[in-house]
Amino acid sequence: MGPRYRSVAVIGTGPSGISAVKALNDEKIFDTIRVFERRDRVGGLWHYDPIPDPFPTSPSPSVKQNQLPKNFPTFTPPVPEDTTARTAIYDTLDSNVGAGAMAFTHSSFPEVNSALSVRQYGKSNPSRPFRVVTAYLEDLFKDYLHLVSFNTTVEKVEKKDGKWTLTLRKRGQIQRNRPTDYWWQEHFDAVVIASGHYNVPWIPAVAGLDQASRAHPTKFGHSKAFRSANDYVDKKVIVVGGSVSSADLVADIHSIVKGPLYLSQRGKNEAFQGAWELPNVEVKPTIERVEPTETGINVIFADGSVVENVDKVIFATGFQLAYPFLSPNPTTANNRVAGFYQHIFKIGDPSLALVGQVRAAISFRVYEYQAIAVARYFAGRNAKSLPSPPEQDLWEVERLKHKGPSSLFHEIKPDFREYFDFLRDLAGPPAPGTSAYELPPWEDKWAELGFGVLSLKNQYWKSLKAAAADTAGQVRAKL
């Protein structure tokens, strides 16, 4: 018996794409597996780009699709760089997820720590330097490099006459001694989208921000563009945000800025309370408006307070979900992806699947489980079938009631066991004669291992607060 789908395209070679390619290849049943990657290497966001993407206008713009040629194949003048492909990695970045749970079940991370993490969290801590993570991903993918077209942007994905048509653009080509882009189309029975969701910065709507950012573009940034704490020494800085990126920024620069570090928050994640209470941090409400002056900017908060002559406002406000190549585009105005059962299978047409469109789910491991469930469904080997489309629609309706219409719709925490068990049951056992393996059942210790880095960070942040209090006490005692 053959597979449900004989030819499969995979978009992206980050951790979720690597998971998908390995899982599909392990089934040993597909006629064609093709992989498309817009960068020149595998690893996705785990590569360092020294020059970050520029600050976007506010509010976050919709991601636009390039104008497609009328005929294929063809050459065109080079399309301008899509700067959102640049990553958020900075030179001293360590992983936020503990290595014991972050790693794929089939391959452990090397036991390597950065000097900075050892100083802050102790020896043999569960974080890993980003370069270790990058090398781990590159090593895992070496057997599949022959399947990949690098420097290739997927410009459009649409269903035509029962097949998925991918419109593709490969940059860096030479035609008649001139640089060009080469455009062509390929057709597949099924598609796995594993392009990630940490690419396009989301900037909230703030009165005056458009005008101010045009007048003083270097005064504004997104956490994605952070590269070094050295850039903020003796600067007057405002950080906007209340979750993981904001916490890391506050921890990195609170002691080196000019005056207090102002922290503007609409809400906050209590798990990072240690960061919000660090010395020299002054918490502010939301920003009401921004006013440019001849030499700089003034920031007015919702309580009427003002910080003048600000050197930098950093928006640690998350990312905009973006699938501009997918027709029709499934992203909503509230920043969620609509119409995908269990965040994976397109309702009504499961030949289109997402891998990696979840959050707070213990990456990379959840990608592995999603990918194997998809690969075995595509191969026709699942122990369980998918529910009917009406039942899948009902799942989405109930989840909207439970999680709401925002990107939190895709948050798995705290229902790890339920979600991992669903994926394991759907995947079923490996078929004889394949390279596939049985997914291990969920273990509660994975959550503890996964969030181990956060626990160590909180301990470190609290130690900084205690040390500052001790120093202040000693100064007072001498007066």
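Keep in mind that the model is predicted. The protein chain splits into domain 1, covering 7-200 + 320-446, and domain 2, covering 203-317. Between their C-alpha centres there's a gap of 31 Å, and together the two domains bury about 1500 Å².

**Domain interface: extent**
- On the domain 1 side, 23 residues are in contact with domain 2, which puts 19 residues of its own into the meeting.
- Interface size is often quoted as the accessible area lost when the parts come together.
- For this pair of domains that figure is about 1500 Å², with 53% of it on carbon and sulfur atoms.

- Lys-224 and Asp-53 form a salt bridge, and their closest N and O atoms sit 3.0 Å apart.
- That N–O distance falls within the 4 Å cut-off for a salt bridge.
- As for make-up, the side of domain 1 that touches domain 2 has 11 nonpolar residues, eight polar ones and four charged ones.

**Helix H6**
- H6 runs over residues 244-253 and is mostly covered, with seven of its 10 residues buried.
- The buried residues in H6 are Ser-246, Ala-247, Asp-248, Leu-249, Val-250, Ala-251 and Ile-253.

Technical notes. Residues are numbered from 1 along each chain as its sequence is written. This is a predicted model: local features need pLDDT of at least 70, side-chain atom pairs count only at pLDDT 80 or more; totals for chains, interfaces and linings use all residues. Side-chain values use heavy atoms; hydrogens and water are left out. Domain bounds come from an automatic or database domain assignment. Contact means heavy atoms within 4.5 Å. Buried area is the accessible area (1.4 Å probe) that two parts lose on being put together, summed over both. A salt bridge is a side-chain nitrogen of Lys or Arg within 4 Å of a carboxyl oxygen of Asp or Glu. Ala, Val, Leu, Ile, Met, Phe, Trp, Tyr, Cys and Pro count as nonpolar, Asp, Glu, Lys and Arg as charged, and the others, Gly among them, as polar. Buried means under 20% relative accessible area, exposed over 50%, partly exposed in between (1.4 Å probe, protein chains only). Helices (H or I, at least four residues) and strands (E, at least two) are DSSP runs, numbered from the N terminus.
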